[in-house]
Amino acid sequence: MERKYQYGTAENKAFLAELRTGLIAFGRNFPSPGGSSWHLGNDGTPRKEKDRMTYVTCRMAHVYSIGAMLGYPECEPLVDEALRALNGELYDAEHGGWYPGLHADGTPLPDKLCYAHAFVILAASSAMLIGRPGAKELFDLATATYDRYFWNEDEGLSADYWNTAFTECAAYRGLNANMHTVEAFLAAADVTGEEKYRVRAGRIIAHVLGWARENDWRLPEHYAADWTPLYDFNSEKKDDPFKPYGATPGHGLEWSRLIAQWALSAYPGEPEKAAPYLEAAERLFERALEDAWDCDGAPGIVYTTDWDGSPCVHDRMHWVLMEAIDTAAVLYRLTEKERFAGWYAKLMGYMDACVVDHAEGSFFHQLDRENRPIATVWDGKDDLYHAFQMTLIPYLDTPELSVAPAVLRATRK
């Protein structure tokens, strides 16, 4: 295996730095006139006929806030553009909360999504760390809105979506929105010191681990209003980008890393209390890759599996690989178990060979089962967030911290 792919080598660190610089350059044209993020095409050119999504705008604010911490030039004005949209055209001044996005003609998409609101909290948290104007006000508004409409204190979980006017809450409940809520709450706790958010994240995680154990570490994604799993949900649309049928190995990987982060931050200096959660994180990682890696005759991680672990949607999504690399690195650093270093190198080599777009920049967002780029689920390359974080998480020295606070601490050493 080339040193370029091996954890801890100078060559691997240089490889990630090169990718990170390329991503920062690739996404610079994201702001529309109102600040919301254009949908970026394969070469980074804005595709102005596409919807401009709130969650993407938030992710751009997060990425370029970290870019500013790392000293990349001209990142702060890009953060300010995204914040302008989140405080402006993407915000529903009549009913409160954030639209899911805007159509090309500027009209808002319907409903109010927990997923998008979690990313507003994350974006505001990251922008606060670099002192951008309006970030604290955005954070306060986002957390107040989230508390009012999405967080259920009795259940210790969050609702998934409302109608646009916030008068009717959908019966559907989803784990994806709760996963990004954990991410947002941990960031909020790290940035503000308000530990209630870490406590809430832990309550969500407790539910998740119960469902994981009941399902041989394959996580149900979809639930009824009383949180009964809906195992057949979207069986007629198996490749939905946000609510696919079956188990989603990429989310098992993402949960693994977030659970480890929460445990380390919730139990500092108490390894015996953190240990069960770290063991669970290992189980989630191992189940995901045992089911989904190279399971159909070609390398790569399939998008979804059935409940027996057999592949369902064979396409490979770039974000799944990014989360696998992140989690392999974190688990290796926490456990020193060589199998995680082995996974890291194997995944790095596959990424370089198949997923990095060496011609036009960034990463192919979707590949078919033979690792050829396709665009049936993800068309273009408007999302830098998973790939950008992958260039950082493996070597951050504080796995108990969220990404942006960890980067800020590293730059201040």
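Helices (H or I, at least four residues) and strands (E, at least two) are DSSP runs, numbered from the N terminus. In those terms, N371 is placed in the loop between β14 (366-367) and α12 (385-390). The structure described here is a predicted model.

**Packing of α1 and α11**

- Two packed helices are described by the angle between their axes and the distance between the axes.
- Helix α1 spans residues 10-26 and helix α11 spans residues 338-355; they pack at an angle of about 40°, and their axes are 13 Å apart.
- The two helices, α1 and α11, are therefore oblique to each other.
- The crossing in which α1 passes α11 is left-handed.
- On the α1 side the contact is made by N12, F15, L16 and L19, and on the α11 side by Y344, M348, M351 and D352.
- Sorted by class, the contact of α1 with α11 has six nonpolar residues, one polar residue and one charged residue.

**Salt bridges around D291**

- The structure holds 33 salt bridges.
- One of them joins the side chains of R218 and D291, at 2.6 Å from N to O.
- This pair links distant parts of the chain, 73 residues apart: R218 belongs to the loop between α7 (196-214) and β10 (222-223), while D291 belongs to helix α9 (residues 271-292).
- Both R218 and D291 are buried.
- The side chain of D291 also meets that of R287 in a salt bridge, with an N to O distance of 2.9 Å.
- Because D291 and R287 are four residues apart in helix α9, about one helical turn separates them.
- Buried means under 20% relative accessible area, so D291, with a relative accessible area of 9%, is buried.
- R287 likewise counts as buried, at 13% relative accessibility.
- A network of salt bridges links D216, R218, R287, E290 and D291.

- R257 and E323 form a salt bridge through their side chains, at 3.1 Å from N to O.
- R257 lies in helix α8 (residues 249-266) and E323 in helix α10 (residues 318-335), so this pair ties together parts that are 66 residues apart in sequence.
- R257 has a relative accessible area of 7% and is therefore buried.
- E323 counts as buried because its relative accessibility is 0%.

- F166 is not a glycine, although its phi is positive, at about 60°.
- The loop between β8 (161-162) and β9 (173-174) is the place of F166.
- With a relative accessible area of 7%, F166 is buried.
- N371 is also a residue other than glycine with a positive phi, near 65°.
- The relative accessibility of N371 is 14%, so N371 counts as buried.

**Surroundings of M53**

- M53 is placed in strand β3 (residues 52-53).
- Leaving aside neighbours within four places in sequence, M53 is in contact with S37, P100, G101 and L109.
- From C-alpha to C-alpha, M53 and A10 are 37 Å apart in space, and they are 43 residues apart in sequence.

Key
Residues are numbered from 1 along each chain as its sequence is written. This is a predicted model: local features need pLDDT of at least 70, side-chain atom pairs count only at pLDDT 80 or more; totals for chains, interfaces and linings use all residues. Side-chain values use heavy atoms; hydrogens and water are left out. Axes are lines fitted to C-alpha atoms, for helices over the stretch in contact, and angles run from 0 to 180 degrees between N-to-C directions. Angles under 35 degrees count as roughly parallel, over 145 as roughly antiparallel, 65 to 115 as roughly perpendicular and the rest as oblique. A crossing is left-handed if the near helix is turned anticlockwise from the far one by less than a right angle, and right-handed if clockwise. Contact means heavy atoms within 4.5 Å. Ala, Val, Leu, Ile, Met, Phe, Trp, Tyr, Cys and Pro count as nonpolar, Asp, Glu, Lys and Arg as charged, and the others, Gly among them, as polar. A salt bridge is a side-chain nitrogen of Lys or Arg within 4 Å of a carboxyl oxygen of Asp or Glu. Buried means under 20% relative accessible area, exposed over 50%, partly exposed in between (1.4 Å probe, protein chains only).
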